[in-house]
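Thanks for asking me to look this over.

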Amino acid sequence: MYIQGYIVPVLPGKKEAYRAMAKQAGEMFAKYGAIEIVETFEDDVRDGEHTDFRKAVKAEEGEHIVFSWVVWPDKETCEKAEKDMQENEEMEPPEEMPFADKRLIWGGFTPIYTLGRKD
């Protein structure tokens, strides 16, 4: 199993536009081998004294935090999907992004402990 994680600030009033874009992207990711996609919209994101989700993405007034992840069967599938999606014209970003793409944080992770998954 291999996990890609994302944190991104969604622009004010763009929750539904983000959800629609995430659904479309998720369907594409699944076509390329993703086995689980989770998109979460902030519900209880607290301001920290030293760091927090908002500070991490330099969220501006009115922006909301999305925390999401994609589960791949393995790193090789993820890397191949990334390469193939970059070459796919269907993956063109929308003209008006519902999030601040320059402040998106993402990375790939190898699980070191899981509870509740059998894979």
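The points below cover the basis of the model, its salt bridges and a surface patch.

1. A word on the basis: this is a predicted model, where local features need pLDDT of at least 70, side-chain atom pairs count only at pLDDT 80 or more, and totals for chains, interfaces and linings use all residues. Residues are numbered from 1 along each chain as its sequence is written, and side-chain values use heavy atoms, with hydrogens and water left out.

2. Side chains of opposite charge can pair when their charged atoms come close. Taking a salt bridge as a side-chain nitrogen of Lys or Arg within 4 Å of a carboxyl oxygen of Asp or Glu, the count comes to twelve. Among them, Glu42, Asp47 and Arg54 are linked in a network.

3. Do have a look at Lys75 and Glu79, whose side chains meet in a salt bridge at 3.9 Å, N to O. Both residues lie in helix H3, four residues apart, about one turn of the helix. Helices here are DSSP runs of H or I with at least four residues, and strands are runs of E with at least two, numbered from the N terminus.

4. Asp52 and Lys55 also form a salt bridge, at 3.5 Å, N to O. Asp52 is buried at 12% relative accessible area, while Lys55 is partly exposed at 40%. Buried means under 20%, exposed over 50% and partly exposed in between, with a 1.4 Å probe and protein chains only.

5. Glu87 and Lys83 pair at 3.6 Å, N to O, and both are exposed.

6. Finally, Tyr113 sits in the segment after strand S4 (105–109) and is exposed, with a relative accessible area of 64%.
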